[in-house]
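Dear colleague,

My notes on it follow.

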Amino acid sequence: MNNENKIEEEFIEKGFFQFVIEDRVSLDQLRQEVLSFSSDPIDNLSTIHQKISTSDINNYRMDMIRKINAKEDLREKYYQLGKTHLDIIVGNELAIQKNINLSIQMPGDETSTMALHRDCEAGNSPFEVVLWIPLTDSFASNSIQMQARNEGQLKALTVPYGNGLVFSHSLLHGNLVNKESKTRVSINLRFKSLWAPYGNKGLGESFLPLNMKAATRIGIEYES
Ligand SMILES: [Fe+2]
């Protein structure tokens, strides 16, 4: 079995796949860029809680998200960090979610928890996957909790900084109150095959075409 087959097989078995991001330099640059958007100067995302209070964290997060999404090139840079695995798991003609999302889980913050859910049950297409990349070490209660396809139990995924995760949001997932002493910061963005069925997040509204192969371009020109 070659490496691509192994990745596909593991993804089908578990519903997620964790990998080491090959281009560490670009990941570090992305993290620096996110740090530069902080309204309060910080040099370490995992200690944000020393500067920002629980009552301010959502406004702080929304301000960061606005600045991240104002930089159009960040979506493409983010895709490049997971491209090898997205291409294997989803395909090479992809649609990309328009807006990048940022999650911040500070120790003891009960206001930022995300109840367990499957996005598909809210009308999202089961053909979508999430590229989830932590900008801090993600572990135990500060990490994402997920139920693998082949397991009955919900588990905290240990995803160190430097790794990425592709998961199907048909899996039960969410997060708990962070009982660790470090804040977790992560980015998530959805991808799907350009041609697979869409849910309530449609092409043009929530998703944009990311790449089209030559034959598709000819086909589209011919039809229009
Ligand atoms: Fe979700």
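A residue is called buried here if 20 or more other C-beta atoms lie within 10 Å of its own, exposed if 12 or fewer do, and partly exposed in between, with C-beta atoms placed from the backbone. The model is a predicted one: local features need pLDDT of at least 70 and side-chain atom pairs count only at pLDDT 80 or more, whereas totals for chains, interfaces and linings use all residues. Residues are numbered from 1 along each chain as its sequence is written.

Strand β4 (residues 129-134) is mostly covered, with six of its six residues buried. Val129, Leu131 and Ile133 point one way from β4, while Val130, Trp132 and Pro134 point the other way. Strands are DSSP runs of E of at least two residues, and helices are runs of H or I of at least four, numbered from the N terminus.

β4 pairs in the antiparallel sense with β7 (residues 163-168) over four bridges, and tryptophan 132 stands opposite leucine 165 in β7. Pairing requires at least two DSSP bridges between the strands. With β9 (residues 184-193), β4 pairs in the antiparallel sense over six bridges; here proline 134 stands opposite serine 186.

An open, antiparallel sheet of three strands has the order β6-β5-β8. β6 (154-156) and β8 (173-174) stand at its edges with a single partner strand each, so one side of each is left without a neighbour in the sheet. In the pairing of β5 (residues 145-147) with β8, which is antiparallel over two bridges, methionine 146 stands opposite histidine 173.

Kind regards
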